[in-house]
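Colleague: Could you take me through the ligand site here, and then the sheets that sit around it? I'd like one connected picture, please.

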Amino acid sequence: MNLLELHSLAVHYGGIKAVKGIDLHIAEGEVVCLIGANGAGKTSSLKAIAGLLPAAGGEVLFRGQPITRLPAHQRVRQGLALVPEGRGVFPRLTVEENLLMGAYQFDDKPQIRIDLENSYSLFPRLQERRAQRAGTLSGGEQQMLAIARALMSRPRLLLLDEPSMGLAPLMVQKIFETIRGIAAQGVTLLLVEQNARLALEVSQRGYVLDGGRVTLADSSESLLGNPQVRAAYLGA
Ligand SMILES: Nc1ncnc2c1ncn2[C@@H]1O[C@H](COP(=O)(O)OP(=O)(O)OP(=O)(O)O)[C@@H](O)[C@H]1O
Ligand SMILES: [Mg+2]
């Protein structure tokens, strides 16, 4: 079954048509990437899926049910979690307080404890810094925290917006290893990346977004070998 389906999804900012009717689907367990140049509409699409922006047209289906007009917090309850571009951690809260915010919808303390320990085993660095204010973490550590906080909401589908942005190569490798690990645990992933090569290497399928439209949709392997994609997005 498809976990997520977009049917002609459109996103507008006043008169600006950022997303012009895209179709996309993700099966349970898949890792799918969305690549495209600056301004292609990637973030706008993710925000509309998460309910942070209204759809100007089209439908979003989650587990077969339309969620197009549901508020964001109800989508979180259904298992949709977004790790936003720029991370969005609460800078004045500690690492652990940020993580607990990810579990705000739950009141089963023992399970929340288990999830917290899982976050720390996924990211030992966060455990060392559990009492540190999030605003004082490095960029890479903030990215880890943002991912871990999203996992605290026990997502079925994790939306990741540019997890590698602004990070040194070693940290990018580390984040991507973790993303592979999360996928291996059975979480379905929609990954948006400027780093198209890395995104295509970690995913099974990909969509190319250009000017608010899907211009290519294929297996990641085919996209990696596609001359157009290589010229435009892989610097080859
Ligand atoms: N709040 C806004 N108001 C008006 N226009 C916006 C707003 N946010 C985004 N846009 C426009 O919508 C288009 C798509 O932006 P979006 O952020 O979705 O692109 P993106 O693919 O995520 O780009 P990037 O790779 O730079 O993050 C751009 O032309 C952008 O200028
Ligand atoms: Mg973006």
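Which elements each supply at least two residues of the shell around ligand 1?

Modeller: Strand 2 and helix 1 do: each gives at least two residues to that shell (helices, H or I of at least four residues, and strands, E of at least two, are DSSP runs numbered from the N terminus). Keep in mind that this is a predicted model, where local features need pLDDT of at least 70, side-chain atom pairs count only at pLDDT 80 or more, and totals for chains, interfaces and linings use all residues, while side-chain values rest on heavy atoms, without hydrogens or water. Residues are numbered from 1 along each chain as its sequence is written, with chains lettered from A and ligands numbered from 1 in the order written.

Helix 1 gives the largest share of the shell, three residues. In total, 14 residues surround ligand 1, and the closest are N38, K42, T43, S44 and Q194 (near means a heavy atom within 4 Å). By class, the shell holds five nonpolar, six polar and three charged residues (Ala, Val, Leu, Ile, Met, Phe, Trp, Tyr, Cys and Pro are nonpolar, Asp, Glu, Lys and Arg charged, the others, Gly among them, polar).

Now the polar contacts (N or O pairs within 3.5 Å). An N or O atom in the S44 side chain is 2.5 Å from an oxygen of ligand 1, and a polar side-chain atom of T43 lies 2.8 Å from an oxygen atom of the ligand. A40 uses a backbone N or O atom, 3.2 Å from a ligand oxygen. The protein covers 62% of the 640 Å² of accessible area that ligand 1 has on its own (Shrake-Rupley, 1.4 Å probe).

Strand 1 (2-13) pairs with strand 4 (57-62) over five bridges, with L6 opposite V60.

A mixed, open sheet has six strands in the order 6-7-8-3-9-10. Strand 3 (31-35) and strand 8 (188-193) pair in the parallel sense over five bridges, and I35 has E193 as its bridge partner.

Conventions
Two strands pair if DSSP finds at least two bridges between them. A polar contact is a pair of N or O atoms within 3.5 Å; within protein, one must be able to donate a hydrogen and the other to accept it, and residues adjacent in sequence count only if both atoms are side-chain atoms.
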